[in-house]
Structure formats: structure tokens, C-alpha cells
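Hi,

Here is the structure I said I'd pass on.

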Amino acid sequence: MHPLSALLLAALSAPATHAQETRSDKRGLVFVPNKASPEDNKIWIRSGSDLTWYYNYGPTPAPVFASKTQEEFEFVPQLWGAVDDTSFLDQVNSLIEGGRNISHVLTFNEPDGPAQYGGSNIYPYKAAQVWVDNIEPLRKKGVKVGLPSCTGAPSGLTWLQDFLGNCSQLISTEGQKRNCSYDFVTIHWYGNFDGLASHLGEYAAAFPNKTQWITEYNLDNQDLATTQNFYRTSAEYFDRLDGVARYSYFGSFRSRDSNVGPNAVMLNNDGQLTDIGSWYLGGSATGVDPQSGAAPQGQAGDMLLALAVAVAGSVFLI
């Protein structure tokens, strides 16, 4: 059995500590900007925040964090979907040439998923060509690259195997078989903790000796106690596994803007940190009910609009 798989199985039977306050430099931000309440965007970089890195589903940094250096708050570009050129490569090279130390990049957001659910919906052979054109040159420069972040469905692993096979065909020659290289795997999960742990074990077996980034995860549409217990258990779990290098909780928005249920968020409707939000930043419980507060008229749905922008492959500009 792979060592990481053994650790995963052991963790399933070990009780979570459920400490009131935990700190971790693995934590990052899935940045979903709030155009109606831009003051929310600065919460994630407040003094004492645990967050060390972020991504915004796009290739360029969010203007709201532009003053932060990579050492202060690392930006990780993402090639969200298919492109017919080298635009992603060109944009990342431009950042590097401009003095920003880009050390990691993410690729294809849920390529095995349909567009109506946020997937980039790309055939593996198409993604392989985009990878060869845009990602292989970056890796040759020393940038660490992550495998595409597929859905948690069984189709995800199948898609990745097909993608790697197509990619190998593109770069191999008649006399020499080559494989497309990657440095870490990226994982999305929406469901309970047992399913999450099992899913990480499947990835550890399929891609041995590769670290894991959990770049989206949550237990959606549950009551508050269940949601908080999932957060605490999963965060403690990620923090003690050496094989998990980074993780980012999907919930950086207000309750009424949520598409993962009203309790699975880090902000209430007035933009105050919930218990989960404060814990994620390394603080103590706030006692703030996620569904408390009154959102301004017209605010509800802003997050869904922002996600629609992401689905279109655009960059969030706030």
C-alpha cells in the first residue's frame, strides 16, 4: 500500500481534535470577489490571517491584492479552460518578466464537468494540445505545474488518464516515448468527510509520490453543526498529512450569495466572519450565524454572477 494511502486510512479512524483555533500555512483563498461590498475582499489579507496564497480562476493577479508581493500573498495563475493560442503562456511570462516570482500554476477547472455546473468541459485530446502549447514551456522554466482539477465524480480519474495518454502521444517521437510531466495533483470535493478521505486515497494510488492540493472543497447544503464539524475535521486532517501541500476552502462569500448552501460560508450577510471564516484565518470562534444580517437589495446572486464570469474563462477584476 502507498504510504499516503495508509495515512489516509488511519486518519479515518482517528478522532479529530476539534480545537477552537488552529493555524496552518497550507491554507489559501479561492477568491470570489464581491462587487457589491468590495470591503469584503480585504478581509482575507487582514493582519494575522493564515492565508499564504490565492487563485482567482485566471492568469493575472486580482487588482485588490496587486500591492502584495508573492512572498506576502502568493498568486497562483490558472489556465481555466481551452485556448487556441499561447495566451496563457504569454501572460504568465509577462508576469515573470515584470518581476513577479510565479512558482506554481494551476490548470483546467473541472474539464470533465459541464459548463452549466462550472466545468470547463474540454475533451482530453484538446486539453493535451493546450497543455503542450502553454504549460510544458513553463515547466521547462522551473515553474511547478498541477494536473487539471477534475470533479469528484469517477469520471475525473478516467479523464485524467485519457488526458495524460493524449499528451504523451503529442510529445513522443517514433523512437522515444515521453510523458507530460507535472508536479502535484489538484482535487475538488463536495461531500462528506469519509468521501473526501477516500477520494484523496484514490488519487494517492493513481498518482503516487505526488503532493496534493485540494483547491475546492466543502460539504454543501447541510445544517450548521454538520457543516462546522466537516470543516474542523477536514482542516485538521489536511494539516497533519504531509502529502497535502495546500488547500483552499470554497466559501469566501456571504451567505445569501452562496451556491453551496447558507451555512457553508465564511461571511454572514453583513460581511462578518462566521466561525468557519475566523477558524480558516487562524482565529477563534466569532459566534456569528452565517444567515444573520441583512444583505443590501440586489446583492443576492452577485456571487453566482461572478462564477458565471469564471465559467466564461474571464479574469475577476476588482
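A quick definition before the notes: helices here are DSSP runs of H or I with at least four residues, numbered from the N terminus. With that in mind, just after α2 you'll find G99, which takes a positive phi of about 105°.

Keep in mind that this is a predicted model. The chain has nine helices and nine strands, and 54% of its 318 residues count as buried. Of the contacts between residues at least 6 apart in sequence, 71% join residues at least 24 apart.

Back to α2, which covers residues 87–97. Its buried residues are F88, L89, V92, N93 and L95. They span an arc of only 155° around the axis, so they sit on the same side of α2. As for what they pack against, that list is β3 (74–75), β4 (78–79), β5 (104–107), α3 and α4 (136–140).

α3 also turns up in a helix pair. The axes of α3 (residues 124–134) and α5 (residues 155–171) come within 8 Å and cross at roughly 50°. Angles of 65 to 115 degrees would count as roughly perpendicular and those under 35 as roughly parallel, so α3 and α5 are oblique to each other. The crossing of α3 past α5 is right-handed. On the α3 side the contact is made by P124, Y125, A127, A128, Q129, W131 and V132; α5 brings W159, D162, F163, N166, C167, L170 and I171. By type, the residues of this contact are 11 nonpolar, two polar and one charged.

Cheers

Terms used: Residues are numbered from 1 along each chain as its sequence is written. This is a predicted model: local features need pLDDT of at least 70, side-chain atom pairs count only at pLDDT 80 or more; totals for chains, interfaces and linings use all residues. Side-chain values use heavy atoms; hydrogens and water are left out. Axes are lines fitted to C-alpha atoms, for helices over the stretch in contact, and angles run from 0 to 180 degrees between N-to-C directions. Helices (H or I, at least four residues) and strands (E, at least two) are DSSP runs, numbered from the N terminus. Angles under 35 degrees count as roughly parallel, over 145 as roughly antiparallel, 65 to 115 as roughly perpendicular and the rest as oblique. A crossing is left-handed if the near helix is turned anticlockwise from the far one by less than a right angle, and right-handed if clockwise. Contact means heavy atoms within 4.5 Å. Ala, Val, Leu, Ile, Met, Phe, Trp, Tyr, Cys and Pro count as nonpolar, Asp, Glu, Lys and Arg as charged, and the others, Gly among them, as polar. Buried means under 20% relative accessible area, exposed over 50%, partly exposed in between (1.4 Å probe, protein chains only). The arc is that of the directions from the helix axis to the C-beta atoms.
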